[in-house]
Amino acid sequence: MAACTPEEALSLLGLYLRAQGRFHVFRELNFNRGLFFWVGTRELLPSGWRWFSAVVQHDAEQNENSLTYLAQSALQRVARALQARDAIHVALNQPQNNDTRDQALSSLDVVLMLLMGAVDAAARVAHHVLNLDYPEHRAGWQREDWLSRVRKGARPHAAVVSEGAEATLVLTILRRLRNQIHGAALQGIGVMGSQEEQSLIALPPAAAEEVLEAAEALGGHEKWGLRSILPDRFHIDPGILVDQLFPAVLELLNSLMQQTPVERLPGVDSPPQEVPPIQGGAGGTLNPFDPIIRASIRWQLGF
């Protein structure tokens, strides 16, 4: 029987309840799925309060909503990626076979696409904030041509993803694995562990060199779930991978949001809201962003 810490037990229990469609905050308080993951996302992206608040101020002044929708898309994609992360762990916490393995890999594809989409949306917000005279479709933290223009307008911003920075290595792993959606799909295999079958993913040869180098620099292959079980081939434990990648991408997004000079946007005359709302709604209604609610959801999500 495996032992776990109280924190691990709480996150496992939370996963079990969510798999049953039950989104408990406290014993007498339940949220629906959307609100649970939305509050979790806002808790995990604290830099997003100032970032998103300034965008909303700007659009209200300009009587439009296009930039608000773009910024909100980054947050929504993280919320949906959290749900797909759940699906990976639900699949992996069952006896492994071709069906559970396929479910885990399908959900991993979704996580990779959504997290990369959130990072790309943050780049496009920065593109608008800096008012860059360059095609918007070229906006991307991995694009040197676009970054060279960002450096002229916000050097600390570009420094987040400078060569050799941890954020750049995280982005490399995310980008190279996400890009498999354009080519051969991630392939799963079953291997026998000490007691039962385990599901692993074959590291695509086209991505192997960059992913291995980045993972080694970020704590080592084992930390990222990388294993060599065949000569000259590496495989990845999808559960370990997603639990290493997710917090690293959240840190990347927080840094990018923090360094985006959103106060430059026209119409942002008052300081943007930097923290969650303290009070509830009219008539004493519940504040879903109450600190103790946010903490409960964070712990249940395993962060």
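I began with the contacts of D59: leaving aside neighbours within four places in sequence, D59 is in contact with E64, N65, S66, L67 and T68. This is a predicted model, and I read the entries below as such.

**D59.** I looked up where D59 sits and found it in helix α3, which covers residues 48–62. Is D59 buried or exposed? D59 has 2% relative accessibility, and the cut-off for buried is under 20%, so I noted D59 as buried. One of its contacts, S66, I checked in detail: a polar atom of the D59 side chain lies 3.4 Å from the backbone nitrogen of S66. V268 is 209 residues away from D59 in sequence, yet the two C-alpha atoms are separated by 9.3 Å.

**Confidence.** I then looked up the pLDDT. The average over the chain is 90, and 95% of the residues score at least 70. Which element has the lowest mean pLDDT? I found strand β3, residues 187–192, with a mean of 74. The highest mean, 98, belongs to helix α2, residues 33–44.

**S199.** Next I turned to strand β4, residues 197–202, where S199 lies. Its relative accessible area is 6%, which is under the 20% cut-off, so S199 counts as buried. Which side chains make polar contacts with that of S199? I found the side chain of Q96 at 2.6 Å and the side chain of R101 at 3.0 Å. Leaving out residues up to four places away in sequence, I listed L92, Q96, R101, I189 and P238 as the residues S199 touches.

**Helix α8.** I took α8, residues 166–178, as the next entry. Its 13 residues reach 18 Å from the first C-alpha to the last, close to the expected 18 Å. How many of its residues are buried? I noted eleven of the 13, so α8 is mostly covered. Among the buried ones are A167, L169 and V170, and also the arginines R175, R176 and R178. I looked up what covers them, and the cover includes α5 (98–129), α9 (205–217), β6 (233–236) and α10.

**Helix α10.** Helix α10 runs over residues 238–259 and has 22 residues. From first C-alpha to last it reaches 31 Å, close to the 32 Å expected. At its N-terminal end I found a cap, D237, with a side-chain oxygen 2.9 Å from the backbone nitrogen of G239.

Conventions:
Residues are numbered from 1 along each chain as its sequence is written. This is a predicted model: local features need pLDDT of at least 70, side-chain atom pairs count only at pLDDT 80 or more; totals for chains, interfaces and linings use all residues. Side-chain values use heavy atoms; hydrogens and water are left out. Helices (H or I, at least four residues) and strands (E, at least two) are DSSP runs, numbered from the N terminus. Buried means under 20% relative accessible area, exposed over 50%, partly exposed in between (1.4 Å probe, protein chains only). Contact means heavy atoms within 4.5 Å. A polar contact is a pair of N or O atoms within 3.5 Å; within protein, one must be able to donate a hydrogen and the other to accept it, and residues adjacent in sequence count only if both atoms are side-chain atoms. pLDDT is the predictor's confidence in each residue, from 0 to 100. The expected span of a helix is 1.5 Å times one less than its number of residues.
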